[in-house]
Amino acid sequence: MDLSMLWYLVPSVVMLACGIYGFVTRKNLIAILISLELMLNSADLNFIVFNRFLFPGSMDGMVFTLFAIAIAAAETAIAIALIINIYRAIGNTDITEINKMKF
Amino acid sequence: MDSVGNIIVYFVVAIVMVVFSFKAVTTGKILRAATYLLFVLLGTAVFYFQLGYQFLGAVQIAVYAGGIMVLFVFAILLTHRPDDSSGRIGSHRRQIGLTLSGVSAVLLLLALFYMPVLNGVSLAESLQAGNEITMHEIGEVFTGSGRFQYLLPFEAISVLLLACIIGGVTVARKN
């Protein structure tokens with residue numbers, strides 16, 4: 001039995017589908033961010049798998065994944081700062097109640 | 001032909017990742033969702049190690065499972081009371097969510113299973129085909145400006161992180 005590329009891509013597809021489901025159905029901002037991380041992680045795994053199985057001599061997929069991880073960290077930090085700010089303004093992080101801007 | 005140990009590790013990690021991805025988006029408690037996400041991220045790190053990218057696995061554990069998860073737990077505890085009733089996160093629009101994720105999963109799986117290239121090489125063959133990635137090579141890739149070297153994106157990322165620090169402090173600060 002061989003571990004081919006397909007084997008690694010199937011969990012990635014499942015992660016992406018779960019991320020889409022959570023992104024659409026969740027009401028809490030932090031839970032939406034968690035779904036977003038799932039989707040990003042599945043994209044990272046795809047980069048690595050394609051690099052390893054199709055172009056084993058180069059390492060560009062790994063470099064792209066490292067950049068993606070760094071950008072994901074920056075994005076999460078900003079998003080959490082925004083969420084804390086929203087919590088301070090209206091008292092919770094439920095997206096159905098965030099329907100007014102300042103003016 | 002891959003070794004039995006690799007196949008067992010693959011199955012354990014794949015099942016853990018699938019189960020905890022489902023649970024992370026369906027559980028009702030926000031802190032539990034974050035914990036399930038942590039398990040998924042650790043499973044991905046194991047895949048990176050298995051595919052021969054040791055440095056990337058270490059980065060995944062340190063940055064994702066270490067840094068980002070701490071940020072998540074910090075934010076959750078700042079915005080939710082840790083008692084039972086108020087930490088619940090409802091879900092709505094289930095139909096749209098199920099349709100969207102189902103359609104995308106089916107399309108992607110169909111595409112995967114009809115691609116002949118995906119079954120060509122096994123893990124052992126491709127691990128042999130590429131030489132092991134040393135820290136020396138990784139350092140050269142990030143600090144060179146030639147072909148297939150990434151000095152400019154590396155510097156851009158450092159500026160981005162600086163902007164992110166300043167932006168985070170500015171946004172989250174009290175007046």
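Colleague: Leaving aside its neighbours within four places in sequence, which residues is A:Thr76 in contact with?

Modeller: They are A:Leu33, A:Glu37, B:Ile68 and B:Phe72, where contact means heavy atoms within 4.5 Å. Residues are numbered from 1 along each chain as its sequence is written, while chains are lettered from A and ligands numbered from 1 in the order in which they are written. This is a predicted model, in which local features need pLDDT of at least 70, side-chain atom pairs count only at pLDDT 80 or more, and totals for chains, interfaces and linings use all residues; side-chain values use heavy atoms, leaving out hydrogens and water.

Colleague: What makes A:Thr76 count as buried?

Modeller: A:Thr76, in helix α3 of chain A, has a relative accessible area of 0%. Buried means under 20% (exposed is over 50%, partly exposed in between, with a 1.4 Å probe and protein chains only), so A:Thr76 is called buried.

Colleague: Which residues touch the most other members of the largest nonpolar core?

Modeller: A:Tyr8, A:Met62 and B:Phe72 do, in a core of 69 residues. A nonpolar core is a set of buried Ala, Val, Leu, Ile, Met, Phe, Trp, Tyr and Cys residues joined through side-chain atoms within 4.5 Å, so Tyr, Met and Phe are kinds that may belong. Among the elements that give two or more residues to this core are α1, α2 and α3 of chain A and α4 (94-113) of chain B. α3(A) gives the most, with 12 residues.

Colleague: How do you know how much area is buried between chain A and chain B?

Modeller: Buried area is the accessible area (1.4 Å probe) that two parts lose on being put together, summed over both. For chain A and chain B that comes to about 7400 Å², with carbon and sulfur atoms giving 76%. In chain A, A:Tyr21, A:Arg26 and A:Arg52 lose the most area to chain B, together 10% of what that side buries.

Key
Helices (H or I, at least four residues) and strands (E, at least two) are DSSP runs, numbered from the N terminus.
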